[in-house]
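The sequence and structure are shown first.

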Amino acid sequence: MKEKKYIKRSIRWKLISTMIGLIIGLLLTLSYIHVSTEKKNLARELSTLTTLMRENLVDRGKMLSDNLARLTENGIASFNLSNVTEIITKSVNEDRELSYAILMDFSRKAYIHTSMQELQQEELVDEAAYYAASQITATINEYNKDGNTFLEFVVQIYTGTNPWGVLRLGFSLDPLNQEIANMKNDLLDESRKIVVWGIIISIIFISVGGIIVYIISSRLSEPLISLTESVRGLSSENFSFSEEIVVKSEDEVGVLASAFIEMSKRLKWSYKELEDYSRTLEQKVGERTLELRDANSKLQEQDKMRTDFLSTVSHEIRTPLALVLGFVRIINMKLEKVVFPLVDVDVDKTNKAVSQIKKNIGIIKLEGDRLTDLIDDILDISKMEAKKVDWHMENLSVSNIIGRALEVTNSFSEMYKLEIVEDIEDGLPEVVGDSDKLKQVVINLISNAVKFTEEGPVICKARKINSEVMISVIDKGVGVDGADQEKIFEKFSQVKNGLKDKVKGTGLGLAICKEIVEHHGGRIWVESEYGKGSNFTFALPCA
């Protein structure tokens, strides 16, 4: 009996010590989380306020510098520097945070210096002056001088379109830094208060919780021992062990014991079901894996068959088509040189017949050429999809590529009586690419522009922007509607153009252009407004 009592007391005291330890740990954790959260919230608020204060200063500085820059430009343009000096000095006097204003040219000669007027008409040699004189765009410079921190706004001054110098507005950050320091001190005081109150509340909860846990654990220890033994049996997959549990009480422990018995029965059934399902699942996974593997192989085979079919059919059609076009040209030449000169065109019916024959032969040639272009496009797109294109990458001159493309499209543009204007920036860097493929892109874009333009020049422009060379083809044609701009680079995609007398495209030209440009690491896009023209542009990285 003594041993039995000892065991019961040991479990009870372990439960008491464990629960009290959990309460202490939980309270300490919650207190720590609360304190940390409050400190983070306060720090976040401080950071937000600091950011807002700095952003307000930056916004105000930008606005003031822009306004003064415009007024300064007007004063310089009208040779009224005294008026500019008066305006800038007045702005510095009225703004308490604005420490100084300096107007200097790019040789660092100061024309206005509100903080040190003795430096006016002198060349400034401090580091901030050198930095400001080297800027070609508006910028913000933060620097320290004589133990003070300044935020300087540098704005370029222009005379007409020529840069003249810079206007420097310096704001002192010392008041802002002092206010931030005061806010940090308030944050530390608030954090200390939170810690003290957290400790006091934790002590109260630990004391009260310890008493309550002691009372409850004494009442629960005995039935919990029996339930613990059942749990140990259940953990060793002995599901029949729960049948030996006898529920004597109707309180929460009794309900827990009843629920445990029911749970053990369900676990026993679920464990058996899980074993059966696991075996079935492994079998189904293996079957589905084989089915997916077969389906993937079939899809790859079908894709290869489609590509091979397009390539084969295109080659088979191209050969007889070339013969047909060749004979059409021979027939047309014979008719023009031999037959038509012998025909009496004065007879009305004969003249109509000759005109109709010429028109029909022209249609055959035109449609034959269009079918040849379609076959060439299908062959190109099939090769690209099958990764069978031979790329000859080398350093290329953009102007040479555009020049060769314009030679090819010159006769085409003359047929439609349209002028192609060449606008290429001097000194363009080279690009790395396939000369023929890039020429094909330019030809396709120029051909499309000519097809969909009735009047006005077609401009082929090339510029270097950042680390890319931008090549644009601009027309004043029918344009592309916004809803169609997303799909015109898809294969076999065409949009309504409203031009009945122009040759229709294959719907593959822009898709081929996209494949070629993206293979070169570039990008292609269109900017267009329906009824006002289009701007097709592709960008290539500089060599």
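The text below treats the sheets, then a helix pair, then the cysteines.

The model is predicted: local features need pLDDT of at least 70 and side-chain atom pairs count only at pLDDT 80 or more, whereas totals for chains, interfaces and linings use all residues. Residues are numbered from 1 along each chain as its sequence is written, and side-chain values use heavy atoms, with hydrogens and water left out.

**Five-stranded sheet**

Helices (H or I, at least four residues) and strands (E, at least two) are DSSP runs, numbered from the N terminus; two strands pair if DSSP finds at least two bridges between them. An open sheet of 5 strands is ordered E2-E1-E5-E4-E3, and its pairing is antiparallel. Strand E2 (110-113) and strand E3 (139-145) form the edges, each pairing on one side only. From one strand to the next, the twist averages 20 degrees.

**Strand pairs by bridge count**

| Pair | Sense | Bridges |
|---|---|---|
| E1 (residues 98-105) and E2 | antiparallel | 3 bridges |
| E7 (residues 420-424) and E9 (residues 458-465) | parallel | 5 bridges |
| E9 and E10 (residues 468-475) | antiparallel | 7 bridges |

Aspartate 423 has lysine 461 in E9 as its bridge partner, and alanine 462 is partnered by isoleucine 471 in E10. E9 and E10 form a hairpin with 2 residues between them, and asparagine 466 in the turn has a positive phi of about 60 degrees.

**Helices H8 and H9**

The axes of helix H8 (residues 435-451) and helix H9 (residues 509-519) come within 9 Å and cross at roughly 145 degrees. Residues of H8, including Leu438, Val441 and Leu445, meet residues of H9, among them Leu510, Cys513 and Ile516. The contact comprises 8 nonpolar, 4 polar and 1 charged residues (Ala, Val, Leu, Ile, Met, Phe, Trp, Tyr, Cys and Pro count as nonpolar, Asp, Glu, Lys and Arg as charged, and the others, Gly among them, as polar).

**Cysteines**

Cysteine 513 is buried, with a relative accessible area of 0%, and cysteine 460 is buried at 1% relative accessibility. Buried means under 20% relative accessible area, exposed over 50%, and partly exposed in between (1.4 Å probe, protein chains only). The count of disulfides is 0, a disulfide being a pair of cysteine sulfur atoms within 2.5 Å.

Key:
Axes fitted to C-alpha atoms, helices over the stretch in contact; angles between N-to-C directions. Contact = heavy atoms within 4.5 Å.
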